[in-house]
Amino acid sequence: MSRAWSLRGRLVRRLVLGVSLGWLFGLVLTTFVLSHEMTELLDDLLRDSARAMLATSSVEGTAQAMEPEAFGAFRLVTPAGELGAAPWPQQTGDGAHDIAGWRIYRLSNPDKGIAVELGQSDAWRRHELLESIEGLLVLMLPVLAVVLLTVRRSVGAALAPALRFARSLEGRRADDLSPVASTDLPAELIPIPQALNLYLQRIEQYVEAERQFTTNAAHELRTPLAAASAQAQLMMAGRADDQAPWHMDRAIQRLGRIVERLLQLSRAEAGIHDMTGCDLLRVLDVLLREQPAPRPAFDDGDLESAPITMRPDAVALMVGNVLRNAAEHGTGPATVTLRAGPVLEIENPVDASAQFEHGTFHKSRGSEGVGLGLTIIQKIADRAGVDLSFAMIGGRAVVRMDFSPIARSAPQS
Amino acid sequence: MRILLVEDTPDVADAVLRFLRGGGHAVDPASDLAEARAALDVADYDAILLDLALPDGSGLRLLRDLRALRNTVPVIIVTAADQISDRIEGLDAGADDYVLKPFDLAEVEARLRAHARRAAGDPAAQISLGELRIDRAAARLFRGDAEIRLTSREWAVLDSLLSARGRVLSRRALEDRLYSFGDEIAGNAVEVYVSRLRSKLGTGVIETRRGLGYLIR
């Protein structure tokens, strides 16, 4: 596994790089602007100096002394000749000129018959520009350092809640299903603990359901065991009547039924799907043949076959439990009807007060059932994708199983 | 003792009922909360055996209601709920004891006796009455080293009088401790058992208060 990258490191690096590039771009832009402005400024200086010199000069050739830094060289042209040591050839037109390493400004006075040429070397101008940029750099470097430090600290501070959150997750026990705290997380990260808490809540619900189921299963197993044990003790104490063995047998049978259904439930949870599937019609044929008398009436709807993507054992568990419920809680024989879809309906007559008890391990008055059968049926249907419905219609309990969501097309003969 | 047995599993209720009745106790069965409340409305019980998972709700509801009414009758929870949290919840609700299914019937009976004695204010299992030595926990009676055999009904009468030691128990109160609902009660049954006890214990142990009842000092 490659080493995980650091969000903080990446953010700091990229921000520093971005700020630095931005600063450099700014510097280039500043240099460009500065160069342009300095050119204008120095040109203005040359022009003003030329005007001043022209005003103070005469045909005789005298020129007032000028500040040496204002320009590098000059030439005063009079009818009498030239004054000054300008290294550029004499110009003819007034105005600014660029000539071989010099910036020249010429101004003439035709009335006086004189002209002045002032020049600044390009090297001197570059030197002045670089000096200005150097000053800018010196001033900007501490600012840049402060910016970089601020970026680093800001990124650290911004990421601190996320790091705390990560550390709190890292430090949790694997079996800790309590909600994770997200009080100081930024809005962008809030969805993470929210989703995590929902997930933890679901896991906790599953764990609690499992725990509750195990507790209830233990409870239901202990009760018939207690009945059998108490009847045996009664017999040993000589206080039993002739019904005691019958009571004991009934308790043991009840114990057996609960154990069997718990095992069925365990099997149902093990696996339902099977892409090879089975023929529902064939499974029903075998299952109904094994039912104790009176066997349910079966109407196959003249179907040739009813292929579905479900294990035959799972089908048998589900349909078998419906038939057993019908036999245990009904008042007459069940009727099984298969129709295209395939849709299977199992119905049987029941007492007027009868109702489906859907709660696992829920007790209902006058019934020894604890809802395990319906739980098995529902669980298998849910996992297999079978649409299941229960109804009491006109004194009949009707269980409808719609297998169409998992139907397969019939094989070609 | 008169005991209310609240248990919805018929096989369990039947066995407990027979065992306790065989021990001379009057036991009234109730298969749900409604029946238990009806029985409590018309009879005073020395102890209640209470299952928790009942068709019309949890036995803890009945227990909490009893304690809210300051009814101090000893209640032993008999249940298959085996978690320690269930036990804590039951005891916190006011139960005196907790028995887990499957259980030993003799142990349940012994616990019933112990709690009933404690509720009557005399938790001692061994009692001496002159030369008589009575082991109430084992339901045995001795004169010196010789054991005196009592029938379960005779023992029930003696145990009831010992529970109310120093106080007069009316014939009706004794009948209540001997017979469950629906039992056929002979008009002079109590007198018959008291007479038999006197012949076994000796005269003077059980005194008669004419028009009031019987007592043991």
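Reply: We start with a definition. A polar contact is a pair of N or O atoms within 3.5 Å; within protein, one must be able to donate a hydrogen and the other to accept it, and residues adjacent in sequence count only if both atoms are side-chain atoms. By that rule, chain B and chain A share 10 residue pairs in polar contact, both residues at pLDDT 80 or more.

Me: What kind of model is this, and how are residues and chains labelled?
Reply: This is a predicted model, where local features need pLDDT of at least 70, side-chain atom pairs count only at pLDDT 80 or more, and totals for chains, interfaces and linings use all residues. Residues are numbered from 1 along each chain as its sequence is written, chains are lettered from A and ligands numbered from 1 in the order in which they are written, and side-chain values use heavy atoms, with hydrogens and water left out.

Me: How many residues does the contact take from chain B and from chain A?
Reply: Contact means heavy atoms within 4.5 Å. Chain B gives 29 residues and chain A gives 22 residues.

Me: What area is buried between chain B and chain A?
Reply: Buried area is the accessible area (1.4 Å probe) that two parts lose on being put together, summed over both. Here that is about 2300 Å², and carbon and sulfur atoms give 54% of it. On the side of chain B, Asp11(B), Arg18(B) and Pro102(B) lose the most area to chain A, together 26% of what that side buries.

Me: What makes Asp11(B) and Arg250(A) a salt bridge?
Reply: The rule asks for a side-chain nitrogen of Lys or Arg within 4 Å of a carboxyl oxygen of Asp or Glu. The closest N and O atoms of Asp11(B) and Arg250(A) are 2.9 Å apart, so the pair qualifies. Over all chains, the whole structure has 40.

Me: Why are Glu109(B) and Arg113(B) about one helical turn apart?
Reply: Because they are 4 residues apart in helix H5 of chain B. Helices (H or I, at least four residues) and strands (E, at least two) are DSSP runs, numbered from the N terminus. The side chains of Glu109(B) and Arg113(B) also meet in a salt bridge, at 3.3 Å from N to O.

Me: How do you know that S10(B) and S11(B) pair?
Reply: Two strands pair if DSSP finds at least two bridges between them. Strand S10 (residues 140–143) of chain B and S11(B) have 3 bridges, so they pair, in the antiparallel sense. Phe142(B) stands opposite Glu147(B) in S11(B).

Me: Which strands form the open sheet of chain B, and why do S8 and S11 of chain B count as edges?
Reply: The order is S8-S9-S10-S11, with antiparallel pairing. Strands S8 (126–129) and S11 (146–148) of chain B each have a single partner strand, so one side of each is left without a neighbour in the sheet.

Me: What is the order of the 5 strands in the open sheet of chain A?
Reply: The order is S7-S9-S10-S12-S11, and the pairing is mixed. Strands S7 (297–299) and S11 (387–393) of chain A stand at the edges, because each has a single partner strand.

Me: How many bridges join S11(A) to S12(A)?
Reply: There are 7, and these strands run antiparallel. Leu388(A) stands opposite Met401(A) in S12(A).
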